2 protein chains.
Amino acid sequence: MNRIKEIPFFSHLDKNGLKKLNDISTIKKYNSKEILFFEGEEPKHLHVLLDGVVRLYKTNHKGNQIFLHQFLPVSLIAELANFENIPYPATAEFTCRGEVLRVDYKKLEEGFFKNPELSFQIIKSLAGKLKIMSEVVTNEIVLTSEAKIAKFLVENGELFSSLKNTKVASLLNLTPETLSRTLTKFKKQEFIRIDDGLEILKLDDLVEMYAN
Amino acid sequence: MNRIKEIPFFSHLDKNGLKKLNDISTIKKYNSKEILFFEGEEPKHLHVLLDGVVRLYKTNHKGNQIFLHQFLPVSLIAELANFENIPYPATAEFTCRGEVLRVDYKKLEEGFFKNPELSFQIIKSLAGKLKIMSEVVTNEIVLTSEAKIAKFLVENGELFSSLKNTKVASLLNLTPETLSRTLTKFKKQEFIRIDDGLEILKLDDLVEMYAN
DNA sequence: GTAAAAATTTGACATATGTCAATGATAATG
DNA sequence: CATTATCATTGACATATGTCAAATTTTTAC
């Protein structure tokens, strides 16, 4: 109950509302690599990530994972499936131990959807998701690998420096080989330098590669 | 004003609400091939498609159009850009003459967002868009061309029969050549027959290609 | 500090799909 | 009906990116 009060999503609820919400929800702990839900599964709960990190991915025809997004607390996860009453469109997996609030969706719908503040929060969340998906489309369909990498270097330089290349490659849905080759190319062109962290030497040239 | 009353989105508004909405919106007509908005443009209005057909697409690095979705009346178009206050993520173009209701978004936000019924409609719309985007991702990233085509034949057989192959190819973001080759392949395998309309001979084999 | 494991780089090759060009088939127009 | 114009098919080739394997480097663990 105290946990629920701290969720920005529900923080505006009054005592009665909190109690009702508490009655239809449970908190569940997960370990790293545990699956919150599989692509294709029927949703019964609304999941609110309280703690830990969840990665969302689809699986392609060859069985490779296509990374879509990484969720940090506190966020709703795949609420689309609840609202549209469709199977989960992707798989959600914990990358470290964490916790979710599982809310019985049917009961939530009955009791809470008249609440304007909650509606507003849901709108925010959905719009955010839509933005994410739109970016996925841009990154995966519109951009070449080179452009994807250039964009990532410019926009996530810090993160790049802190991660192994294999990890970066998987975030970008590329093979480590492609990433490696592209990075050496960028180094040869003197767009970047890498020693103990990324240094961008020719920002404009990098940006040019993905912006239009 | 009468037009507004007929929009399901706003049909629940009372007289006063309708009047206020009417004051902040205008109806604009468009011809075929006219652009409603360009990718990257700053949104000022919420667009409600009242009449006509609008196709939404992105442009890739080579200047090719990547088809995302076709809107039929009555629908909100790219409201994401309004809600998130970001540039339009894609271009919207009329494929035939039509009409939109342009609502001054700032003013709408100030005056209407407390309305629970409207919020609910917006949630519905956003969730629908999210579903569309999720399908785009599935189609474009997860499936091979062959699978895309198989899926389209199974799910849109009627439409397939009524369209030229060039048109189908562009809906699927494929070249006509690839479509043609794949179709001949399916015919050779006796999955389909085409004479004066599509006939699916081996549904299971086709479905097998894209379902997992 | 050494051994084992993991990550990176590089080369050779595979593959799906696009591009271009030529030809044949259909449809549209006067 | 004849003539364009559009569409479909086919082949040869290009290209980006993945796959596999080997060599090298870096990191981790004892």
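Predicted model: local features only at pLDDT ≥ 70, side-chain atom pairs only at ≥ 80, totals over all residues.
**Who touches whom**
- On the chain B side, 34 residues are in contact with 34 residues of chain A.
- Within chain B, the residues that lose the most area to chain A are Ile123(B), Leu130(B) and Ile141(B), which together make up 19% of what that side buries.

**Polar links across the interface**
- Looking for salt bridges between chain B and chain A? The rule finds 0.
- As for polar contacts, the count is 2 residue pairs between the chains, both at pLDDT 80 or more.

**What chain B brings to the interface**
- Four elements of chain B each supply at least two residues to the side that touches chain A: strands E4 (54–59) and E5 (65–71), plus helices H3 (79–84) and H5 (116–142).
- H5(B) provides the largest share of that side, with 20 residues.
- Sorted by type, the chain B residues on that side come out as 18 nonpolar, 9 polar and 7 charged.

**A closer look at Leu46(A)**
- You'll find Leu46(A) in strand E3 of chain A, which covers residues 45–51.
- Leu46(A) has a relative accessible area of 4%, so it counts as buried.
- Leaving aside residues up to four places away in sequence, Leu46(A) touches several others, including Leu76(A), Asn82(A), Val103(A) and Leu108(A).
- Between Leu46(A) and Thr91(A) there are 45 residues of sequence separation and 15 Å in space, C-alpha to C-alpha.

Conventions:
Residues numbered from 1 in each chain as written. Chains lettered and ligands numbered in written order. Heavy atoms only, no water. Contact = heavy atoms within 4.5 Å. Buried area = accessible area lost by both parts, 1.4 Å probe. Salt bridge = Lys/Arg side-chain N within 4 Å of Asp/Glu carboxyl O. Polar contact = N/O pair within 3.5 Å; in protein donor to acceptor, adjacent residues only side chain to side chain. Nonpolar A, V, L, I, M, F, W, Y, C, P; charged D, E, K, R; others polar. Buried < 20%, exposed > 50% of the residue type's maximum accessible area, 1.4 Å probe, protein only.
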